[in-house]
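Morning, everyone. Please have a look at it first.

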Amino acid sequence: MARQFFVGGNFKMNGTIKSIQDIIRNLNDAKLDTKTEVVIAPPALYLLTAREALRQGIEVAAQNVFDKPNGAFTGEISAEQLKDSGVTWTLTGHSERRVILAEGDEFIARKTKAALDGGLGVILCVGETLEQREDNKTIEVVTRQLKAVAEQTKDWSKVVVAYEPVWAIGTGKVASTEQAQEVHAEIRKWLSSTISKEASENTRVIYGGSVSEKNCRDLAQQADIDGFLVGGASLKPAFVDIINAKA
């Protein structure tokens, strides 16, 4: 069975009520590929605004989730609270949180497990820095990040893996189709040997890192690229073109 194409829009710390309403209006009015699963991740303050305004068939993701169900954790949001608000997905492991907020592999793995246990789907972000790529450590780094999650959960049915080379995020640089496909194929090989053959065949592995309407169609043709996690371009009308990359 073919894996359903998946496109996520990570708004990061961008947007106002008006601009996010404009983005949602554009998505609601657009002719989107019905075979593509679409999820947007606005800032936490606007999750409910997005959920209430989006048409059926487009889901909402949080950009972050905590690894505890409740308690004295100022500023955090639990999986249960997200689910209660109609939010069905969350990101974990984004490189900006790994680098700026010093989130480690084990903490990200615990957050991923908490989200899955709470009934959310997880967009699990992995990727290497430019220095690590130049040292030929890409696969070592990516599989280390994945292994931490594998030690917490063996059920990957609600996990989408987002490969995002850190050196390509927001830089305008993009991994070549060959570079991206190579890493995606290695991730799928790792899933087969570490989790199961079924997980390897069914888990979607999507690409992130300066995805645009100009490069999305070539990337989408690769055998092991099952979609995109889009940053800056998700704030623009061209996001529709990326969603329709396989159409």
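Which residues does threonine 177 touch, not counting residues up to four places away in sequence? Asp218, Leu219 and Gln222. Keep in mind that this is a predicted model.

Let's stay with threonine 177 for a moment. Threonine 177 sits in helix 8, which covers residues 177-194. There is a polar contact here too. The side chain of threonine 177 meets the side chain of glutamate 178 at 3.2 Å.

Next, the rings. The count of aromatic pairs comes to 6. Take tyrosine 163 and tyrosine 207. Their ring centres are 6.2 Å apart and the planes sit at 55°, so this pair is tilted. Tyrosine 163 belongs to strand 6, residues 159-163, and tyrosine 207 to strand 7, residues 204-208. The pair therefore ties together parts that are 44 residues apart in sequence.

Buried or exposed, tyrosine 163? Buried, with a relative accessible area of 0%. Tyrosine 207 is buried as well, also with a relative accessible area of 0%.

There is also a ring cluster. Phe66, Phe73 and Phe107 are linked into it by ring pairs.

Last stop, the surface. Val99, Ile100 and Leu101 make a nonpolar patch of about 330 Å². Look at isoleucine 100. Helix 4, residues 95-100, contains isoleucine 100. Why does isoleucine 100 count as exposed? Because its relative accessibility is 66%, and exposed means over 50%.

That's my tour. Happy to go back to any of these spots.

Key:
Residues are numbered from 1 along each chain as its sequence is written. This is a predicted model: local features need pLDDT of at least 70, side-chain atom pairs count only at pLDDT 80 or more; totals for chains, interfaces and linings use all residues. Side-chain values use heavy atoms; hydrogens and water are left out. Patches are made of residues with over 30% relative accessible area and no salt bridge: like charges are joined within 9 Å, nonpolar side chains (Val, Leu, Ile, Met, Phe, Trp, Tyr) within 5 Å. Accessible areas come from the Shrake-Rupley method with a 1.4 Å probe; for residues, only the protein chains shown count as cover. A salt bridge is a side-chain nitrogen of Lys or Arg within 4 Å of a carboxyl oxygen of Asp or Glu. Helices (H or I, at least four residues) and strands (E, at least two) are DSSP runs, numbered from the N terminus. Buried means under 20% relative accessible area, exposed over 50%, partly exposed in between (1.4 Å probe, protein chains only). A polar contact is a pair of N or O atoms within 3.5 Å; within protein, one must be able to donate a hydrogen and the other to accept it, and residues adjacent in sequence count only if both atoms are side-chain atoms. Contact means heavy atoms within 4.5 Å. Rings of Phe, Tyr and Trp (its six-membered ring) pair if their centres lie within 6.5 Å; planes under 30 degrees apart count as stacked, over 60 as edge-to-face and the rest as tilted.
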